[in-house]
Amino acid sequence: MFNRVFIACGCLFVLSGCMYNDEPMPQITYDYKSSETVQPRLLTPTTSRPVSIGENILQDWLPPSSVEKKWTAIVIHHSGTKNGNTAIFDKWHRESNHWQGVGYDFVIGNGTNSSDGQVEVTYRWQKQVTGAHCGGTAGNWANKDGIGICLVGDFDRTQPTNAQMQSLVRLVRFLQNRYGIPKSRIYGHGTTPGAGTVTDCPGRNFPMGWLKSQVGP
Ligand SMILES: [Zn+2]
């Protein structure tokens, strides 16, 4: 039974590119008993430059200050594909999902259609608009307040490259520093509290434990 469900989910996953999500999302109220359900925190806006963490922070990770939002969580995805980059996902999400464009804020390449470990910044981050990567949460909080990072690859079958994970750690630490996001608010898509889609994204081989050991508290 589990296998059958899993295969069915996998098919859905392939068809939807792991981010089944209608845009715009309806307002859905969940009655969750789990203590894991956390409502978005309101944070004091950060106006200062990121604290140096001894690693390279790329200039384009900084959004325009005129539109910069408060972000309260990070949601990690895999593309569920062998290859890809922002342009490919952008075309796919426009044409197949009829979204306004690529659903993520950041895409980290695996050496296929962009460099291994290359961090691409999408228009969603540049414009600081609501994402389309993790549907079904109460009030659509994960798309509104959560930063969507997609690693190119299918981590049910393979693992992320070392360069991808190094870039991810660097990016996550930057985002944690800038927005005061605690480690407890870094989620995989499928384990995001209230996520409305059954998915194992970012894949069963994604090393979430290792990631949490490398980032800020
Ligand atoms: Zn996903």
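How many disulfides does the count come to? The count is zero, and the legends below start from there, walking through a predicted model.

View 1. A disulfide would need the sulfur atoms within 2.5 Å. Cys134 is also buried, with a relative accessibility of 0%. Cys150 is buried too, again at 0% relative accessibility.

**View 2. Strand β1, covered on both faces.** Look next at β1, the strand made of residues 73-78, where six of six residues are buried. In a regular strand, side chains alternate between the two faces of the sheet. On one side of β1 you will find Ala73, Val75 and His77, and on the other Ile74, Ile76 and His78; all of these are buried.

**View 3. The partners of β1.** Here the strands beside β1 come into the picture. Strand β4, residues 146-151, pairs with β1 in the parallel sense over six bridges. To find your place along this pairing, look for Ala73, which stands opposite Gly146 of β4. Strand β5, residues 186-188, also runs parallel to β1 and is joined to it by three bridges. In that pairing, Ile76 stands opposite Gly188 of β5.

**View 4. Phe89 and its ring neighbours.** The structure holds eight aromatic pairs. One of them is formed by Phe89 and Trp92, whose ring centres are 5.9 Å apart; their planes meet at 50°, so this pair is tilted. Both residues belong to helix α2 (residues 86-95), and they are three residues apart, about one turn of the helix. Phe89 itself is buried, with a relative accessible area of 1%. Phe89 also pairs with Tyr104: the ring centres are 6.3 Å apart and the planes are at 75°, so this pair is edge-to-face. Tyr104 lies in the loop between α2 and β2 (106-110) while Phe89 lies in α2, so the pair ties together parts 15 residues apart in sequence. Like Phe89, Tyr104 is buried.

**View 5. An aromatic cluster and a lysine.** Our last stop is a group of four rings: Trp71, Phe106, Trp125 and Tyr179 form one aromatic cluster. Have a look at Trp71 in particular, where the charged end of Lys69 sits over the ring, 4.2 Å from its centre.

Key
Residues are numbered from 1 along each chain as its sequence is written. This is a predicted model: local features need pLDDT of at least 70, side-chain atom pairs count only at pLDDT 80 or more; totals for chains, interfaces and linings use all residues. Side-chain values use heavy atoms; hydrogens and water are left out. Buried means under 20% relative accessible area, exposed over 50%, partly exposed in between (1.4 Å probe, protein chains only). Helices (H or I, at least four residues) and strands (E, at least two) are DSSP runs, numbered from the N terminus. Two strands pair if DSSP finds at least two bridges between them. Rings of Phe, Tyr and Trp (its six-membered ring) pair if their centres lie within 6.5 Å; planes under 30 degrees apart count as stacked, over 60 as edge-to-face and the rest as tilted. A charge sits over a ring if NZ of Lys or CZ of Arg is within 6 Å of the ring centre and within 35 degrees of the ring normal.
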